[in-house]
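Thanks for coming, everyone. Please have the sequence and the structure open while I talk.

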Amino acid sequence: MSGLEMMPTAVQPDQLADDVRALLMDKPISAVQYSGLEAIINEKLRPVVDIINDSFVLSDTRWAHLTADDVIRNRIEAILPSVGRIELPGHKTRPYGGTGFVVGDGLIMTNRHVAQIFAHGIGDKNLTFHPDTKAGINFKREFKQPEEETLKVKQVRMIHPYWDMALLEVEGLPPKRQALSLGTADARNLVGDEICVVGYPASDIRNPSDVQNALFSNKYGIKRLQPGELHGAIEVMSLGKTVLAAGHDCSTLGGNSGSAIIHLGTGEVLGLHFGGQYHQMNYGVPSAALASDSRVVDAGVRFAGSPPGGSETWVGYWAAADTDSPKN
C-alpha cells in the first residue's frame with residue numbers, strides 16, 4: 001500500500017463528533033478534519049451579505065467602499081455569475097456539497113473533499129462517480145429568487161493528489177458564466193490585502209448557533225458575499241499532511257468549501273477556500289501553487305498572465321496517483 005492510499009480521504013462520523021467536541025473544549029483536532037471545517041473568525045468585523053440577481057447591498061459602514069467604489073463593485077459583480085452551488089441530486093441526506101466556480105471551458109473548480117462526496121479516485125486518470133450518485137452545479141440559489149436549471153457534472157477531470165482541489169466538467173455552461181482568472185501572485189506573501197469569498201454557507205454545528213444565526217440572519221444555503229483580509233502563509237493539516245496554505249479571515253461556514261478567494265485590488269482568484277478554525281483562521285489553496293502545477297495548467301484552468309507550470313514539491317504525490325490508478 002502506498003503512502004497516498006493511507007491518507008484519509010473522507011470524514012468519518014465518529015471522528016467528526018470527536019473533533020467537534022475538541023473544538024468546543026479548545027483542544028487540538030485530528031489532521032484530516034481541517035479539510036472539512038469552516039469557521040467564523042471575527043463576526044463583529046466580517047459581515048455576510050446577500051447576493052440578489054448578481055448584485056449586492058452592503059450596509060456595514062466599515063465596508064462601504066465595496067459599494068461606493070465603482071471599480072471594486074464592478075470587480076465583485078463580474079465574478080458573481082460564475083460562482084455556483086455543487087448540487088447532489090437524489091442524495092438522501094445532503095441537498096448540496098459545497099461551492100464551485102468556473103475556471104475554464106466547461107470547467108468548475110471545487111474542493112477535493114467536496115468532489116469525494118460523489119466521486120472516487122485520485123489524480124487525473126480513471127476517476128469515477130460513486131454508484132447511483134449524481135452531481136451538478138446551480139449558479140442561482142439566491143434568497144427568495146426564482147429557481148434556475150442545475151447543470152449536470154458529466155465528468156470529474158481531476159482530484160488533486162496533494163491540494164484540496166478538484167476539477168469538474170459540466171454540460172451546457174452558458175456564455176454569461178465566464179471563467180474567472182486565477183492569479184499567479186502568491187497570497188501567502190500578502191497580509192492585510194482585502195478579499196472576498198463568495199459561496200453558499202450552510203448551518204454548521206461546528207460554530208456556535210447563536211453567533212452564526214445572528215451573523216447569517218438564520219438563512220443558509222444561499223449565495224452570499226463574505227469580505228475579509230489575507231493573513232499570509234499558514235501551516236495547516238490538510239488531507240493527512242501539513243501544507244503551506246493562504247490564511248484569511250472571511251466569515252465562512254460549511255457549504256463555503258470550494259469558494260473562490262477574490263482579491264479586491266485585481267479581481268483575480270488568489271485562493272480556493274477549504275477550511276478553518278473558529279475565531280482563529282481560515283485557509284485556502286494558493287492559486288500561485290496551482291499555477292506551478294503543469295497538470296492543472298494543462299487541464300485548461302485559466303490563469304492571469306503566464307503560469308509557470310512545472311511540478312513543485314508534490315511531484316511524488318502525482319507519481320503515486322499515477323501508479324495507484326487502475327488500468328483499463
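The side chain of Arg-85 meets the side chain of Glu-87 at 2.7 Å. Keep in mind that this is a predicted model. Arg-85 is found in strand β3. Is Arg-85 buried or exposed? Arg-85 has a relative accessible area of 9%. The cut-off for buried is under 20%, so Arg-85 counts as buried. What is around Arg-85, leaving aside neighbours within four places in sequence? Its contacts include Tyr-96, Gly-98 and Arg-141. Tyr-200 and Gly-221 are also among them.

Now, the strand that holds Arg-85 is β3. Strand β3 belongs to a closed barrel of six strands. The order is β3-β4-β5-β10-β9-β8, and the pairing is antiparallel. From one strand to the next, the twist averages 45°.

Strand β4 covers residues 96-104, and β5 covers residues 107-110. They are antiparallel, with three bridges. Val-102 has Ile-108 in β5 as its bridge partner. Next, β5 pairs with β10 over four bridges, again antiparallel. There, Leu-107 stands opposite Glu-169 of β10. Then comes β9, residues 151-159, antiparallel to β10 over five bridges. Val-153 sits opposite Val-170 of β10. A hairpin of six residues joins β9 to β10.

Stay on β10, residues 166-170. How many of its five residues are buried? Five of the five. In a regular strand the side chains alternate between the two faces of the sheet. Look for that here. Ala-166, Leu-168 and Val-170 point one way. Leu-167 and Glu-169 point the other way.

On to the nonpolar cores. The largest one has 50 residues. Which residues have the most contacts inside it? Phe-101 and Met-109.

Last stop: helix α4, residues 70-79. At its start, a side-chain oxygen of Asp-69 comes within 2.9 Å of the backbone nitrogen of Val-71. Which residues of α4 are buried? They are Ile-72, Arg-73, Ile-76 and Ile-79. An α-helix has 3.6 residues a turn, so residues three or four places apart point the same way.

What covers that buried side? The cover includes β2, α3 and β3, along with β11, β12 and β14. The face turned away carries exposed residues, Asp-70 and Ala-78.

One of those buried residues is an arginine, Arg-73. Its relative accessible area is 14%. That is below the cut-off of 20%, so Arg-73 counts as buried. Beyond its neighbours within four places in sequence, Arg-73 is in contact with Ser-55, Phe-56, Leu-66 and Thr-67.

That's my tour. Questions, please.

Technical notes:
Residues are numbered from 1 along each chain as its sequence is written. This is a predicted model: local features need pLDDT of at least 70, side-chain atom pairs count only at pLDDT 80 or more; totals for chains, interfaces and linings use all residues. Side-chain values use heavy atoms; hydrogens and water are left out. Two strands pair if DSSP finds at least two bridges between them. Helices (H or I, at least four residues) and strands (E, at least two) are DSSP runs, numbered from the N terminus. Axes are lines fitted to C-alpha atoms, for helices over the stretch in contact, and angles run from 0 to 180 degrees between N-to-C directions. Buried means under 20% relative accessible area, exposed over 50%, partly exposed in between (1.4 Å probe, protein chains only). Contact means heavy atoms within 4.5 Å. A polar contact is a pair of N or O atoms within 3.5 Å; within protein, one must be able to donate a hydrogen and the other to accept it, and residues adjacent in sequence count only if both atoms are side-chain atoms. A nonpolar core is a set of buried Ala, Val, Leu, Ile, Met, Phe, Trp, Tyr and Cys residues joined through side-chain atoms within 4.5 Å.
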